Amino acid sequence: MATSHQAKSFTASEGGVIALLLVCVLFSLLIAAKTHDPTMAFHAWLGLAAAGIGAFAVFNGYFKRTHNVPEEIDGKPNYQMGPVKLATVASVFWGVAGFLVGLIIALQLAWPSLNLDLPWTSFGRLRPLHTSAVIFAFGGNVLLASSFYVVQRTCRARAAGGLWPWFVVWGYNFFIVIAGTGYILGITQSKEYAEPEWYADLWLTVVWVIYLLVFLATLWKRKEPHIYVANWFYLAFIVTIAMLHLVNNATVPVSLTEPKSYIVWSGVQDAMTQWWYGHNAVGFFLTAGFLAIMYYFVPKRAERPVYSYRLSIVHFWSLIFLYIWAGPHHLHYTSTPQWAQTLGMTFSIMLWMPSWGGMINGLMTLSGAWDKLRTDPVLRMLVVSVAFYGMSTFEGPLMSIRAVNSLSHYTDWTIGHVHSGALGWVGFVSFGAIYCLVPWLWNKKQLYSLKLVNWHFWIATIGIVLYITSMWVSGIMQGLMWRAYTSLGFLEYSFIETVEAMHPFYIIRAIGGLLFVIGALIMVYNLWMTVRHGEYAEEEVGHPTAVQPAE
């Protein structure tokens, strides 16, 4: 039965978004008029322009539409896929940008003259730009796109909140712009993975709370009584990141018109709080959120149910309870109390079990469908990402052991470990999700070219292998050189000798990064051709995945 269109009216979401944007206009005007810092003034004018354009877009949308948007059409959910499309496009854009900056700073480490003796192009400013771009801009938009898609499909309900999902995606990307330009212009609070200053953090808090409310409200209005496990992982990621963000960024600004702020924690407490945040940003942003992607897109692409639904629940609760305690392993051999270091190490080792339980669940979902790996490079990319997840979550607990950490800490071994997870796990599972989403969202039968996906897969894989193996060798060599002593008890090697010895491996790493960038550019071309020239599907694609376990 067709749903009749409601008469046009100004909705609560439109009124709420406009009210919030007008508050932003006033706040931005105040900052722009009062601040003496040129970078903060620049950000204030950016905020004023963005809020003004947003308010105009809301009013324009109201006057252009003829009726209120129905929740259902012909008895089927009228899914809101506009914000999903926007976040998908943003993820591809930010991904390529972040990978390029990563390549630049890799080249700078091999050839320092590429810093150009300019503050804006120095390694110290581009490095946080790279990490934020690939983690929060690329990865964050993939999580926004996939979570809004999956929660609607598995709940069989339109996203709650009217315009608020649009606000979340646009607002989050505005935060990325403010953070990134701040790094280049020298505004940072110098906390790993938490560099944006107080006003950017405040804006992200507003956006993130609305994201949580939209997600919860969509679950609340679901037509499907069962809450699929991917939504549990998305919810854990959203809630925990909110808690981490608030505690680690508990700062007091010098004034409302100055970008500088001071953290309320100090000394060891600040270090503990930072690495409680830092490691759990990995645990809940880069692990729990992307495990949600695995639990939806691997079964969907393989056309098989999840191997064990019971194992997925055990995986979820054990991961959530254990991961939150692992942060102190970043602080071995520091002034942090040894009991805290031991606690972090112990829980890190215990994380082997849930992490590998999730990996096994993802891989065994292919039972009866292993032959598809030969013909479907998208599924191959998703499955290899799960394998990288397993390898990274073996290496991480190993490196948390104090004896191993005494060699690995502060060396390039850590860089290799991070990138095996970031490129192999997060990168590949994100690429797989994007390759799935684009045909579904633009209603195409299939991707423009599976052969190009195959090229992307192999070029990027070779790049990852070159990257992580060069950093493993470089890091272990670096650690051994640092701890080498002469017969008289003096250090055998100076610091500059270790840097010189690592130079060939830095070149190999840059080559690996270049290959990864080339793979991403191949993906961009493939997706562009899919949207522009792909064959339209006669029926809607991307139906909900089976939620019943195979067991």
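**Reading the labels in this model**

Reader: Why does Ala510 count as buried?
Author: This is a predicted model, so the value comes from predicted coordinates. Ala510 has a relative accessibility of 5%. Buried means under 20%. Because 5% falls under that cut-off, Ala510 counts as buried.

Reader: Where is Ala510, and which residues does it touch?
Author: Ala510 sits in helix 17, residues 495-533. Leaving aside residues up to four places away in sequence, Ala510 touches Leu103, Ala106 and Leu107. Gly75 is another matter: between Ala510 and Gly75 there are 54 Å, C-alpha to C-alpha, and 435 residues in sequence.

Reader: What makes His409 buried rather than exposed?
Author: The relative accessibility of His409 is 19%. The limit for buried is under 20%. His409 therefore counts as buried. His409 belongs to the loop between helix 14 (402-408) and helix 15 (412-441).

Reader: What does the side chain of His409 reach, and which residues does His409 touch?
Author: The His409 side chain reaches the backbone oxygen of His330 at 3.2 Å. A polar contact needs N or O atoms within 3.5 Å. The contacts of His409 are His330, His332, Thr414 and Trp482, again without residues up to four places away in sequence.

Reader: Why is Tyr333 called partly exposed?
Author: Its relative accessibility is 47%. Buried is under 20% and exposed is over 50%, with partly exposed in between. Tyr333 at 47% therefore counts as partly exposed. Tyr333 lies in the loop between helix 9 (309-323) and helix 10 (338-350). Its phi is positive, about 60°, although Tyr333 is not a glycine.

Reader: And how do you know that Asn443 is partly exposed?
Author: Asn443 has 26% relative accessibility. Asn443 is in the loop between helix 15 and helix 16. Asn443 has a positive phi too, near 55°, and is a residue other than glycine.

Reader: Is helix 4 roughly parallel or roughly antiparallel to helix 5, and why?
Author: Helix 4 (residues 123-155) and helix 5 (residues 164-185) pack at about 175°, with axes 9 Å apart. Angles over 145 degrees count as roughly antiparallel. Helix 4 is therefore roughly antiparallel to helix 5. By class, their contact has 14 nonpolar, five polar and one charged residues.

Reader: How do helix 2 and helix 5 run relative to each other, and why?
Author: Helix 2 (residues 38-64) and helix 5 have axes that come within 11 Å and cross at roughly 160°. The cut-off is over 145 degrees, so helix 2 and helix 5 are roughly antiparallel. Their crossing is right-handed. Among the contact residues are Phe42, Leu46 and Ala50 of helix 2, and Val177, Ile178 and Leu185 of helix 5. The classes are seven nonpolar, five polar and no charged.

Reader: What makes helix 13 roughly parallel to helix 16?
Author: The axes of helix 13 (residues 377-400) and helix 16 (residues 450-482) cross at roughly 15° and come within 9 Å. Roughly parallel means angles under 35 degrees. At roughly 15°, helix 13 is therefore roughly parallel to helix 16. The crossing is left-handed. Contact residues include Met381, Val384 and Phe388 of helix 13, with Phe457, Ile464 and Trp472 of helix 16. By class, this contact has 12 nonpolar, two polar and two charged residues.

Note on methods. Residues are numbered from 1 along each chain as its sequence is written. This is a predicted model: local features need pLDDT of at least 70, side-chain atom pairs count only at pLDDT 80 or more; totals for chains, interfaces and linings use all residues. Side-chain values use heavy atoms; hydrogens and water are left out. Helices (H or I, at least four residues) and strands (E, at least two) are DSSP runs, numbered from the N terminus. Buried means under 20% relative accessible area, exposed over 50%, partly exposed in between (1.4 Å probe, protein chains only). A polar contact is a pair of N or O atoms within 3.5 Å; within protein, one must be able to donate a hydrogen and the other to accept it, and residues adjacent in sequence count only if both atoms are side-chain atoms. Contact means heavy atoms within 4.5 Å. Axes are lines fitted to C-alpha atoms, for helices over the stretch in contact, and angles run from 0 to 180 degrees between N-to-C directions. Angles under 35 degrees count as roughly parallel, over 145 as roughly antiparallel, 65 to 115 as roughly perpendicular and the rest as oblique. Ala, Val, Leu, Ile, Met, Phe, Trp, Tyr, Cys and Pro count as nonpolar, Asp, Glu, Lys and Arg as charged, and the others, Gly among them, as polar. A crossing is left-handed if the near helix is turned anticlockwise from the far one by less than a right angle, and right-handed if clockwise.
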